[in-house]
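Subject: Structure handover

Hello,

Here is the structure you are taking over. My notes on what was found in it follow below.

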Amino acid sequence: MTRTAMTRIAKLALLLATVASPWSAASAQGLAPDVAQPDVAQPDVAKDSEPSATSRSELLALSLEELLASEVTSVAKKPQLASQSAGSVYVISQEDISRSGARQLSDLFRMVPGLDVVEVTPSITSVTARGFASSYSVSMLVMIDGAAIYSSSMAGMFWDQALVPLQDIERIEVIRGPGGPLWGSNATNGVINIITRQSVDTQGLRANAKVGAGILRAELGYGRQLSDTLGMRLYGDYRYERGLDGLDGHSFDDWRKAGLAGARLDFAPDAANSMVALAEFSRSDFIDPANVLGAGPGGAFAHVITPQQHYTGYHALGRWHHAPTAGFDLSVQAYYNRYERSIWGSHIARSLADVSVEGRWRATNVHEFNFGLTARQSHDDLTPGPMLTLFDGHHTDRWLTGYVQDEIRLQGDNLRLTLGSKFEINNFTPLIVQPSARVFWRASPALSLWSGISHAVRTPQLRERDMGANFPSLYTIPGSGGMVVPMVLIFSGGAGAKSEQVTALEAGLRAPVGRHWAIDLSLFYNHYTHLNTNDVTGMFMPGTPGSPNPMAMVITTQISDRASGFAHGGELLIKGQPLPAWKTELSWSYIDLSIRVDPAYAATTQSLLPDDATARHQLRWKNGIDLSDAVSVDSLVHYVSRSKDGLRAPYTNLDMRVAWRPWPNLELAAVGNNLLKTRHLEYVQTMLPFPMVAVPRKIYVEAKVRF
Amino acid sequence: MRALNFSARRMSVMAAALALSPLTSAPVAASPSGVKAVMIYNIVRFMTLPEAKPKVRLCLRRGEDIAPDLVALSGEPVRAGQLEVVQLGALADMRGCDVLYLGTSAAAAGMPGHGQVTIGEGARFAEEGGTVGLVNFGGQVRFAINARSAARSGVKVSSQLLRLAARIVN
């Protein structure tokens, strides 16, 4: 078995990764100017009259939009300024979203230091932090308003189903590094927490349309404050977009249509109680080009087919947040969602119900406890197709998770030690304990330091435990003079799939420099064990009796956990405002990721999460300039170095947006993505049965109105 | 080896972070009114008065909860000038005030004169003619802007501020 073949096998197995999380955009508790409402929520700082380390000069250093967006709940699960978080945090505000002109949610993460956003196929986008760019995003937990849209059965995150209207997002908190201790499993490399706006923050009619060649994205929202205590919003979006190009620029004639409609009610009878209820429906039809095998007089050949796929999603969420005093609050949340999705001739239906209670209690001036308990159940039904099978046809998973955390204020808010752990009981792994310790020290107004050690876990997905898949491809027999035979890889999930483990050491510093500049540095060392591998268990060549040539090569594999590795690196962000009308951000991120398979099995085993595609260096330079009150120009230059395996060339992207506001309620803009090249390759697809794709330059116009 | 060196460096950073040391300055509380005061200051910064002035005078009634936090912002830069916060015994004499914080006063009091900005509390404040209404909902604060009132009093509201408003009254 050559190494090439092994690589191909492993990559084929990755194919299983596809498919997704259903829930389209869930929007729950949003927030308001200056005060955040976290997901399963703590009270906002506005209710918190206890002293905090936020100095007036620190507040003054924030712009108004930053005041509205800088409260980060994801690190500590309670509102705090990003500058006071003991973790690597980047906040994308509504202003950032609006000025990016982004057409899809996943593109917003291209501005975040240390994140890899790559288009793998027309329907698969991978968003990862600190390495592991691959066909799926399993190591990044994604939540919308506290509801996990990460799918634990098939893919991790399927970004094409994240249809939340971009104009309704308040902010997105991106945490690099393990979020396990507070956010549960599957946040081994990071957490993305999308927080949508409360209905009272989006009053009136708002519409946004982006139109270009093969591009249409329209968003519509109507919000109203019905009384002093009740607000509502109706919202929706629709998207049509031509798919990605082939490497040589030819089109696969693929496209995607997707739409979402939702309604949300916010009820706040008094300052101590708030409630949110929302319901959403989404649907998409899309063409997913795939490689298949055909047979002709010259033997087997591969060709591209363009089957039409679809998904349908339903999501409903309710939450009650009760904060009787500044020192205590409690949230109760329940959500249900269901999606149905076609994939390679199979059909999967998944439903998930989740009920949680979370709270925060400031027991003394020194100790503040966060705690929570969640019960969750999912059910998957899979109608088998030619390539994908769920062993029993259907499967139910159950979880009971809890966490407790003590934040110890050793010197007020200036020196805080946070100790905590999450516990998880489920029906497919032993008890999971994910502890962490973090310290934040505000050494001076000009310097804050933080550090943390955490242990986090990615639990095996249902596809790794209970699914089988067959992937056909063509295989050139080594030493045969180029003889090509069809090859079928038979992949079996099973008990060999264990929880992947990471122990992470992190440290960082933040230093405001003067009133208009700040430096944010994060360093990390991650040690990974029990990474999933694909082990070859058999190989045979069925043939026609009497024929010298085999008809096909059949390889059977079984999942195991024989890889381990480490990563170290850092992200440096310098942001500032050289002029009142000019904001700039420069960042450099570096990672050295090394994954290896247990040498005793190296000949027949391949890691399912290889380090091949990792880009060691990334540079970003983001600028926003207001030429006048009516005209603004934004740009993002993004350099990504060559992939570790050398197969993907380095590339530099330039995105630009020029906006003009002729009237207060109208904004017109021209947007260009990837302006430097006609198209570029972001991910090398060697074995998945999808054609390789290139991300083309896109130019479009945008109109935004508000009444 | 490189990894080992790297983690050793990191450990020293962690140790530094863990080390206790005296604070160099006492923090100021980020109380609700502290945050609200900075919000008001920022809102004022995004408005252009018909006449450029070296001092932009913000008046409010003595005894308002927010008074100490607003007074602390006196002297902060606003456009080409500085913010000057003045506490009044009563709101009867509002001449000379560029910005009026009216608290929960009746909206009728909130009609801005020429070159004036009025800021008040409640969803109806902006609806009934005040320039900026601070709206509490579920214990959180956001703001509504009456673009018509601002235009009538000759005050230009920046597009950035309008984008951030929860509501625009036209």
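Two residues are counted as in contact when heavy atoms of theirs lie within 4.5 Å. Please keep in mind that this is a predicted model.

Chain B

Among contacts in chain B between residues at least 6 apart in sequence, 51% join residues at least 24 apart. Chain B has 170 residues, and 54% of them count as buried. Six helices and ten strands are found in this chain. Its accessible surface is about 7,300 Å², and carbon and sulfur atoms account for 56% of that.

Eight strands of chain B make an open sheet with mixed pairing, in the order E3-E4-E2-E5-E6-E7-E8-E10. Which strands stand at the edges? They are strand E3 (77-78) and strand E10 (167-169) of chain B; each has a single partner strand, so one side of each is left without a neighbour in the sheet. In general, the strands of a sheet pair through backbone hydrogen bonds, in either a parallel or an antiparallel sense. Within chain B, strand E6 (residues 117-121) and strand E7 (residues 132-137) pair in the parallel sense, over three bridges. In this part of the sheet, B:Ile119 stands opposite B:Val132 in E7(B).

Chain A

Chain A has 707 residues, of which 64% are buried. Its secondary structure consists of six helices and 40 strands. For contacts in chain A between residues at least 6 apart in sequence, the share that joins residues at least 24 apart is 66%. The accessible surface of chain A comes to about 22,600 Å², with 65% belonging to carbon and sulfur atoms.

Aromatic pairs

A search of the whole structure gives nine aromatic pairs over all chains. One of them is formed by A:Phe109 and A:Trp159; this pair is tilted, with 5.3 Å centre to centre and 55° between the planes. The pair links distant parts of the chain, 50 residues apart: A:Phe109 is in the loop between helix H4 (94-100) and strand E4 (115-121) of chain A, and A:Trp159 is in the loop between strand E7 (147-148) and strand E8 (169-176) of chain A. Are these two residues buried or exposed? Both A:Phe109 and A:Trp159 are buried.

Another pair, A:Trp344 with A:Phe471, is edge-to-face, at 5.9 Å centre to centre and 90° between the planes. Here too distant parts of the chain are linked: A:Trp344 is in the loop between strand E19 (328-343) and strand E20 (346-362) of chain A, while A:Phe471 is in strand E27 (residues 467-476) of chain A, 127 residues apart. A:Trp344 and A:Phe471 are buried. Together with A:Phe690, they form one aromatic cluster.

Charges over rings

A:Lys257 lies over the face of A:Trp255, 5.0 Å from the ring centre. A:Arg341 lies over the face of A:Phe158, 4.1 Å from the ring centre.

A buried arginine

A:Arg458 is in strand E26 (residues 447-458) of chain A. A:Arg458 counts as buried because its relative accessible area is 1%, and the cut-off for buried is under 20%. Its side chain makes a polar contact of 2.9 Å with the side chain of A:Glu464. Leaving aside neighbours within four places in sequence, the residues in contact with A:Arg458 include A:Val138, A:Tyr150, A:Asn186, A:Thr188, A:Lys498 and A:Asn532.

Regards

Definitions and conventions: Residues numbered from 1 in each chain as written. Chains lettered and ligands numbered in written order. Predicted model: local features only at pLDDT ≥ 70, side-chain atom pairs only at ≥ 80, totals over all residues. Heavy atoms only, no water. Phe/Tyr/Trp six-rings, centres within 6.5 Å; stacked < 30°, edge-to-face > 60°. Helix = DSSP H or I, 4+ residues; strand = E, 2+ residues; numbered from the N terminus. Buried < 20%, exposed > 50% of the residue type's maximum accessible area, 1.4 Å probe, protein only. Lys NZ or Arg CZ within 6 Å of the ring centre and 35° of its normal. Pairing = 2+ DSSP bridges. Areas by Shrake-Rupley, 256 points an atom, 1.4 Å probe, with all protein chains shown as cover. Polar contact = N/O pair within 3.5 Å; in protein donor to acceptor, adjacent residues only side chain to side chain.
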